[in-house]
Amino acid sequence: MPNGGVASGHPLASMAGVRMLMQGGTAADAAVAAMAVLNVVEPWASSAAGNGFATCLDKKTGEVVSLAFTGAAPGLLDNQVDPAELVAGHKAAVTPGAFGGWIELARRFGRLPLSTLLEPAIDYARDGHPIDASIVDTIRRQQLALARYPTTAAIYLPGGQPPAPRSLFKNLPLARTFQALADAETTAMNAGADRNAALQAAYDHFYLGPVAQEMARFSEAGGGWLRMKDFKDYRPQWAAPVNTRYRGVDVYCSPLTSRTGLEMCEQLNLLEGFDIGRLPADSPQAIHLLAETIKVAKSDVYRYAADPTSASVPVGVLTSKAFADQRRRLINPDAAIAYPTGADLPGGGRTGLRRHLRAPSVPGDTTSLSVIDSEGNAIACTTTLGGGFGTLLVMGDTGLICNNGLRTGSTAPYRDHPNFVAPGRIPLLGNGPVIVRDNGKLRMIFGSPGGETIGQTQFQTLVNVIDRGMSIQDAIEAPRFAIDAEPGFYTPGAAIKLQLESRFPTQTFTGLAALGHSVGPVGPYSIGSIQGILISADGQPMAGGDPRRMGYAVGY
């Protein structure tokens, strides 16, 4: 795909992104158009009122930057509330962040008008698209929960039932919201505004105008905490990514308030002490070493990671080679270790861990996309609603659902932990899109959904490429594993279950059990959903889509 391409979680989103590239748009334009379409076609996983991260390579400057479009807990939040109320419904919503991120990407790196970027999504929401059977299955699994909220049921349970597979599915309130945002930009341009001012008009329509007003009204009427002040106080944040060097390549990932960037860096630093490339990919020894590095990294990250505006997080230490050298001593190449306590570091982290508190892992539902344009600009975005369908609640007449990031998992179960839910505090995301460079040149861009498995999935995919020399599609399709913790990764000594996709051979399961792992099979294609682009040896971008969901790569 010499002129650029898009790999995303749905064919219609990838095509929308490529449409922008073919109209002279940039990687940022394609990313925004694809994310808008994903809001329509993967509604359980993303929303303009959700949250996310982007990792961006600016070809002209050579700079890699990260954009956090992550909303904070509402200022009126009462953290004495029953935690069950933070999972779904009015009280579960964090401040919408994604649309602000779309505007920032378009403003800094884009070229086309917002009205053009939103056009495919508006068309699909207004005129309909054939809804995939997998999306219908997702709606059916959550039918009873969705039915509790009339604004949600009106869209996703027409006539009281999920839509039929391949039927024409519409979201008319969302179409109206997107059209109004596009019209706000157009009106400003017609009045003489330049591109930045016109994009700001659309931003203001969302965060200061009718969209925020409707959400705030609906939240207050339902007993929720979102108010206009939360919308006014929100800003997307540009920051330097966290990064490390792994076997000669530079790896860039999302900073706090994503935990996955820290996980990726520490996992790679730990693994660098082992010659993983000499071991067969499906061997018990290889999977054991990877799983143990994940275990150690999670223990450290879950002890310290939090919103940096409310805590001092030792990012430099956690991502350093010296720290990895120290923590690697915990790993026994011949036996599984118990889930450890995070390292004792000066000046941060909770002490006196109360092991009786329970924080069961909560699945995350998310989507990711990767884009490269003809100029060599590259962007990977991972956007999320948290749990499936987020709060489950369509906010009034907007057609939008918010992220339920206040729930335990995105926040800590320990009241004295710096990531415990609190007013104005940004909960942690697992989103961590990655850019890899080799001697300053782009080598790879990728990302994945998957909640607690995001960092694990991305780690394994990168190892497949760097240590095993796989092509992008082979690296994506290779069998994966994931560790899960009961009651959760915040709890030292938690019971660890090693889940393997069933395509692994029987001897892999038995060998891991012999090393002391609690092992169980999951579906053959069920862990994560990488969408990525790898630059081939002759300099050509090669994109891959993940068959675990509806991943689709398109280039031209």
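The largest nonpolar core here has 90 residues, and those with the most contacts inside it are Phe99, Trp102, Leu105, Leu118, Phe178 and Ile379. By nonpolar core I mean buried Ala, Val, Leu, Ile, Met, Phe, Trp, Tyr and Cys residues joined through side-chain atoms within 4.5 Å, with buried meaning under 20% relative accessible area for a 1.4 Å probe, protein chains only. Helix 2, residues 27-41, gives the largest share of this core, 13 residues; helices are DSSP runs of H or I, at least four residues, numbered from the N terminus. A second, separate core has 67 residues, including Tyr304, Ala343, Ile483 and Leu515.

A note on the source. This is a predicted model, in which local features need pLDDT of at least 70 and side-chain atom pairs count only at pLDDT 80 or more, while totals for chains, interfaces and linings use all residues. Residues are numbered from 1 along each chain as its sequence is written, and side-chain values use heavy atoms, with hydrogens and water left out.

Back to leucine 118. Leaving aside neighbours within four places in sequence, leucine 118 is in contact (heavy atoms within 4.5 Å) with Ala36, Trp102, Phe178, Leu181 and Ala182.

Now take alanine 182 itself, which sits in helix 8, residues 172-190. Is alanine 182 buried or exposed? Alanine 182 is buried, at a relative accessible area of 3%. Not counting residues up to four places away in sequence, alanine 182 touches Ser115, Leu118 and Ile122.

How values were computed. Helix = DSSP H or I, 4+ residues; strand = E, 2+ residues; numbered from the N terminus. Buried < 20%, exposed > 50% of the residue type's maximum accessible area, 1.4 Å probe, protein only.
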